[in-house]
Structures are given as C-alpha cells and as structure tokens.
Amino acid sequence: DQYANLRLLDITNQEAWKWYEENVIAFLVRNNIIGAKIDFCELVPDESVCYGDFSVAYHWKMPDVFKGVGVHHAYPMFFNAKFAEAIKRLAGGRADSFVFCRGGGLGCSRTAYYWAGDQVRTFPKLRDQLRGLLNSRLSAMPYMSFDLAGYIKKWKDYSLAEEERIVVRALGFARYFPFIQTHGDVTHVYNMDESVRKAFREAVAFSAKVDRDVAPLVEFW
C-alpha cells in the first residue's frame, strides 16, 4: 500500500529537472541552505518491481549504457549526483556545499559525505561498522560515518543498560570521524544516563576539532 501513490520526479527529463532546480534547490540556496541529507532509497523501486498486484517501472532514458537492464538503486544514485552538482552551481561554486547520502552518489567527488545505515545495535555489528569506516578512508572517502551503534534493536526486550554499553564503545572510535549521528528505532543518547550524554558531548567536541585540523589537508571537490 505504501507504493500505491508513489510519484517520482523524472530526473532524465530536462524540463522536469529544471522545474525542480528552480523551485526546490534554488529555494534552499536563497535561504542559505547549501547542503542536504538524502535518505529515500527504500521507497524508490529498481528498474521494474512488482508489489503484489501493483507494479512500478522506471525506465532510464540516459545514460543509455543500461540498455533496459535493471540497475539496483540507479535512481537515488543519479538523483544524489545531480542534486550535488546543482546545489554547488546555484550556490556560486561554494566549496562547502554538500550532499550527505546513503545509497551512492556516483563518486565522492560529487557526494563526499556518506553514512552506513540500518545496522542492528549489537557489538558484532559495531565491529562491522568500524571495518567499513576504515575501508572507506583507505578508499579516499574520508567523510564517512554511521548511525551511532546501530539503527535498530536486535531484541524487543533489549535493555537500556546494554544499549548504553554499545553506545559508549561506539563513541570511542566515532569521535575520530568528521560527524556523529544517532538515528532509527533505538534509544537515543539524550534519553540515556547522564554519563553517556557527557561522553557524547565530549565526543562531538573532539570530532569537531579533528575535522578542523584535517579538512584543510584534503581537497574534496
């Protein structure tokens, strides 16, 4: 049912994209908003998807390299890239314009900010997140982070004490990354014990200092 009224902006249609730039992206820039977090991959179908008796099809008209072959998450990837290019251009080429996304962006030269999303809040998944973050930096993607200690709970009776232990452990290495976020169907830091909230505030302050020290050394655009 959630797809019954799905409407997609045809980003392969120049007239449609021109309207979007003039009415949405330009509005953001006029209000000094030159960055956006884009997270909508789950609601966008692949080339052709069937949901029971209801089917959705999105056929790429460019680039024609796909030639009718379905490409997983093609729409959000191209949307992110076009959005990043447009917001930078409309902002007069400002180097601090950005798109923060999950689901790809056709190269970190266009969308340099990513996060790993939707993990379960457990210690094994926290280990996987650390590996992914280290790999992203080795792959020249320095602006990569994650939903702090996970996006969803593993058990219905998951204890707050267990969540707090995982969050504190996550803060131990998240502080060395350029941004920290909490997200999803989990207990958020502001609802945890004061000792955890203090650790979070200290981690955010330290992360901001790391970003100030490192950012001048790296050219992202």
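## Order of elements

From the N terminus, the protein chain runs α-β-β-β-α-β-β-α-β-α-α. That comes to 5 helices and 6 strands. Helices (H or I, at least four residues) and strands (E, at least two) are DSSP runs, numbered from the N terminus.

This is a predicted model: local features need pLDDT of at least 70, side-chain atom pairs count only at pLDDT 80 or more, and totals for chains, interfaces and linings use all residues. Residues are numbered from 1 along each chain as its sequence is written, and side-chain values use heavy atoms, with hydrogens and water left out.

## Burial, surface and contacts

The protein chain has 221 residues, and 40% of them count as buried. Buried means under 20% relative accessible area, exposed over 50%, and partly exposed in between (1.4 Å probe, protein chains only). The chain exposes about 12,700 Å². Carbon and sulfur atoms supply 55% of that area. Accessible areas come from the Shrake-Rupley method with a 1.4 Å probe; for residues, only the protein chains shown count as cover.

Contact means heavy atoms within 4.5 Å. Among contacts in the protein chain with a separation of 6 or more, 73% join residues 24 or more positions apart.

## The sheet

Strands of a sheet pair through backbone hydrogen bonds, either parallel or antiparallel. Here 4 strands form an open sheet in the order β1-β4-β5-β6, with parallel pairing. β1 and β6 are the edge strands, each pairing on one side only. The twist averages 20 degrees from one strand to the next. Axes for such angles are lines fitted to C-alpha atoms, for helices over the stretch in contact, and angles run from 0 to 180 degrees between N-to-C directions.

Two strands pair if DSSP finds at least two bridges between them. Strand β1 (residues 35–38) is joined to strand β4 (residues 98–101) by 4 bridges. In this pairing, Lys37 has Phe100 of β4 as its bridge partner. β4 pairs with strand β5 (residues 113–116) over 2 bridges. There Cys101 is partnered by Tyr114 of β5. β5 and β6 are joined by 3 bridges, and Trp115 stands opposite Ser145 in β6.

## The nonpolar core

A nonpolar core is a set of buried Ala, Val, Leu, Ile, Met, Phe, Trp, Tyr and Cys residues joined through side-chain atoms within 4.5 Å. The largest one holds 41 residues. Leu9, Trp17, Phe79, Phe83, Phe146, Leu148 and Val167 touch the most other members. At least two residues of this core come from each of α1 (14–30), β1, α2 (74–90), β4, α3 (123–138), β6 (144–146), α4 (160–174) and α5 (194–214). α2 gives the most, with 7 residues.

Not counting residues up to four places away in sequence, Phe146 touches Trp115, Ala116, Leu126, Gln129, Leu133, Ala170, Phe173, Ala174 and Gln181.

## Aromatic pairs

The whole structure holds 7 aromatic pairs. Rings of Phe, Tyr and Trp (its six-membered ring) pair if their centres lie within 6.5 Å; planes under 30 degrees apart count as stacked, over 60 as edge-to-face and the rest as tilted. Phe100 and Trp115 form a tilted pair, 4.8 Å centre to centre with 55 degrees between the planes. Phe100 lies in strand β4 and Trp115 in strand β5, so the pair ties together parts that are 15 residues apart in sequence. Both residues are buried.

Trp17, Tyr20, Phe79 and Phe83 are linked by ring pairs into a cluster.

## A buried glutamate

Glu163 is found in helix α4. At 1% relative accessibility, Glu163 counts as buried. Leaving out residues up to four places away in sequence, Glu163 touches Arg121, Lys153, Tyr158, Val186, Thr187 and Met192.

## Loop residues

Most residues other than glycine have a negative phi. Asn32 has a positive phi of about 60 degrees. Asn32 sits in the loop between α1 and β1 and is exposed, with a relative accessible area of 55%. Ala149 also has a positive phi, near 65 degrees. Ala149 belongs to the loop between β6 and α4 and is buried, with a relative accessible area of 0%.

Pro142 is in the loop between α3 and β6. Pro142 is partly exposed, at 23% relative accessible area. The C-alpha atoms of Pro142 and Tyr113 are separated by 8.2 Å, with the two residues 29 apart along the chain.
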